[in-house]
Each structure stands twice: as structure tokens, then as C-alpha cells.
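Please read the points below alongside the sequence and the model. They take up ring pairs, a pair of helices and the nonpolar cores in turn.

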Amino acid sequence: LSSPSGLTHESHKKDVEQVYLRCSEGSIEWMYPTGALIVNLRPNTSPASYKRLTVCIKPFKDSAGANIYLEKTGELKLLVRDGDRSPSKVYCFGYDQGGLFIEATPQQDISRKITGFQYELMNKGIASDLHTVSAPCRPCSDTEVLLAVCTSDFVIRGSIQDVTNEAEEQESVIHVGVNKLYRQKSKVFQLTGESGNWRGQIKTLLECGVKPGDGDFLFTGRMHFGEARLGCAPRFKDFQRMYKEAKDKGLNPCEIGPD
């Protein structure tokens with residue numbers, strides 16, 4: 001977390017301050033913005049790998065006081081306009097497309113403004129993630145499911161307990177009861193209550209029209225800004241079939257372990 005403040009140089013409203021971030025994910029909060037801020041993302045990886053990185057930013061809901069640009073060799077491309085209110089909107093670009101230039105907008109009272117966002121750096125292959133960008137709601141093919149089992153941040157067998165729709169954010173929250181936890185990168189799925197059941201939440205797009213239903217599914221997906229995002233989710237019996245067929249042919253890309 002980086003938290004520069006415009007009050008440190010308020011008398012020099014044209015000042016440009018530079019911030020260097022070494023972590024692959026985090027957040028930046030610019031309090032009382034004046035002048036401009038250049039955000040340099042310098043992850044602790046080989047510079048040769050930079051061209052394979054995608055940068056994503058997610059502005060805070062109450063972020064205000066500055067425009068956020070993508071800057072390369074002096075040219076600015078507006079990413080987020082001050083005052084835009086697009087809940088949960090994420091902006092992504094290739095690392096080699098430029099850096100972030102944040103310019104404060106004129107304000108009568110800068111003490112009421114804070115500009116901030118979360119950021120993530122990820123491999124371009126992960127960012128475009130299988131089918132989720134081009135057609136986020138279509139069912140995965142057998143090959144995509146088997147690959148998702150090997151590469152996803154979480155893989156669980158579970159049932160849909162409930163679905164709540166968040167119209168403003170254009171998202172659905174799937175409340176999942178977990179029967180088998182194969183893998184999770186973050187502690188999204190946890191033991192709850194005295195019954196000792198594992199539960200968790202997975203988000204997906206509202207347009208996909210997910211509804212509660214009977215039976216078990218194999219839920220896979222990725223962590224994105226601290227939230228579990230749905231990837232491939234076949235019915236478990238269908239997954240068992242495709243997994244067995246691939247295993248019998250020696251074509252399954254990885255072992256998932258016993259049911």
C-alpha cells in the first residue's frame with residue numbers, strides 16, 4: 001500500500017511525484033491530490049518477462065480528485081475520468097503499453113478528495129484466461145475443463161446453496177457449499193458454524209444468469225482483487241466422465257486426486 005499526500009507539496013500545484021511499486025499486487029491511495037503522480041510498477045521479476053505481463057487496476061468506489069492515464073513516451077490515454085462511477089469496473093493493459101500517470105483535477109477543497117485503486121500484475125495468458133474474456137458465459141469444452149483443473153486458483157466440488165444478484169455491479173454472487181476442497185490459493189472457502197461445513201462465495205457476471213440448482217458441480221476459477229471469480233463449472237458427473245476418458249487415454253494434463 002502506497003499513500004502519498006498532495007498536502008506535502010500543495011504550494012507547488014504543478015509538481016510531479018514519482019512512486020515505485022515492487023509488489024505484483026497491492027493498492028495505492030493518493031490523499032488530497034494536487035499536481036500529478038507517476039506510478040512506476042517495477043515487479044521483482046526479470047525485465048525480460050515484462051512484455052508478458054498484464055496490468056489491471058480497479059478504482060476504489062469513492063475514488064475522486066484525479067484523472068488516471070496510461071502514459072507512454074509523453075502520450076496520454078485516458079483510462080479513468082475523475083467522477084466516473086462504474087462499480088467493480090476493471091481496466092487492463094499490457095505492461096509494455098506504458099505506465100500510469102495520475103493528474104489531479106482542480107478542486108475547491110482537496111481535503112475532501114482521495115484517489116485510489118487496487119492493482120494486479122499477471123501473466124497475459126492468465127489475464128485472457130481460457131474462454132472468460134471472449135465469451136464469459138459459454139460452457140467450457142472438455143479440454144478447457146481439464147486444463148482449468150490444473151491451472152486454477154481454486155478447484156472445489158460443491159453445490160449452489162443460493163445466488164444473489166447485484167444489479168448495480170452487474171454481478172451474481174454464488175453461495176457455495178463445499179463437499180470437497182481440492183485447491184485454493186486464498187482462504188475464500190472456510191469452515192463455518194458449529195456444523196463444520198465448508199462454504200464460500202464465487203462471483204460471476206449477472207448476464208450469465210446463474211440460478212440455484214440441485215446436484216454437485218466442479219467449480220474452478222481465479223482470484224481477482226481478493227475475490228473468487230468463476231471459470232469453468234461443469235456438473236461433477238460430467239467432469240468425472242471427461243476426466244476418466246482422458247486418464248484412460250493418458251491425456252489428462254494433471255492428477256486431481258481421489259473424489
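How many aromatic pairs does a search of the whole structure find?

1. The search finds six aromatic pairs, where rings of Phe, Tyr and Trp (its six-membered ring) pair if their centres lie within 6.5 Å, and planes under 30 degrees apart count as stacked, over 60 as edge-to-face and the rest as tilted. Please keep in mind that this is a predicted model, in which local features need pLDDT of at least 70 and side-chain atom pairs count only at pLDDT 80 or more, whereas totals for chains, interfaces and linings use all residues. Residues are numbered from 1 along each chain as its sequence is written, and side-chain values use heavy atoms, with hydrogens and water left out.

2. One of the pairs joins Phe217 and Phe219, which are tilted, with 5.8 Å centre to centre and 40 degrees between the planes. Both Phe217 and Phe219 are buried (under 20% relative accessible area, with exposed over 50% and partly exposed in between, for a 1.4 Å probe and protein chains only).

3. Ring pairs also link Phe236, Phe239 and Tyr243 into a cluster. Arg157 lies over the face of Phe236, at 4.1 Å from the ring centre; the criterion is NZ of Lys or CZ of Arg within 6 Å of the ring centre and within 35 degrees of the ring normal.

4. Helix H2 (residues 142–151) and helix H3 (residues 236–248) have axes that come within 10 Å and cross at roughly 85 degrees. The two helices are therefore roughly perpendicular, a label given to angles of 65 to 115 degrees, with under 35 roughly parallel, over 145 roughly antiparallel and the rest oblique. Axes here are lines fitted to C-alpha atoms, for helices over the stretch in contact, with angles running from 0 to 180 degrees between N-to-C directions.

5. Asp142, Val145, Leu146 and Val149 in H2 meet Phe239, Arg241, Met242, Tyr243 and Ala246 in H3, a contact being heavy atoms within 4.5 Å. The buried residues of H2, among them Glu144 and Ala148, pack against strand E10 (154–166), strand E11 (171–184), strand E14 (217–224) and H3. Helices (H or I, at least four residues) and strands (E, at least two) are DSSP runs numbered from the N terminus.

6. The largest nonpolar core has 25 residues, and Val39, Leu41, Ile57, Leu100, Ile102 and Phe117 have the most contacts inside it; such a core is a set of buried Ala, Val, Leu, Ile, Met, Phe, Trp, Tyr and Cys residues joined through side-chain atoms within 4.5 Å. A second, separate core of 16 residues includes Val145, Tyr182, Tyr243 and Cys254.
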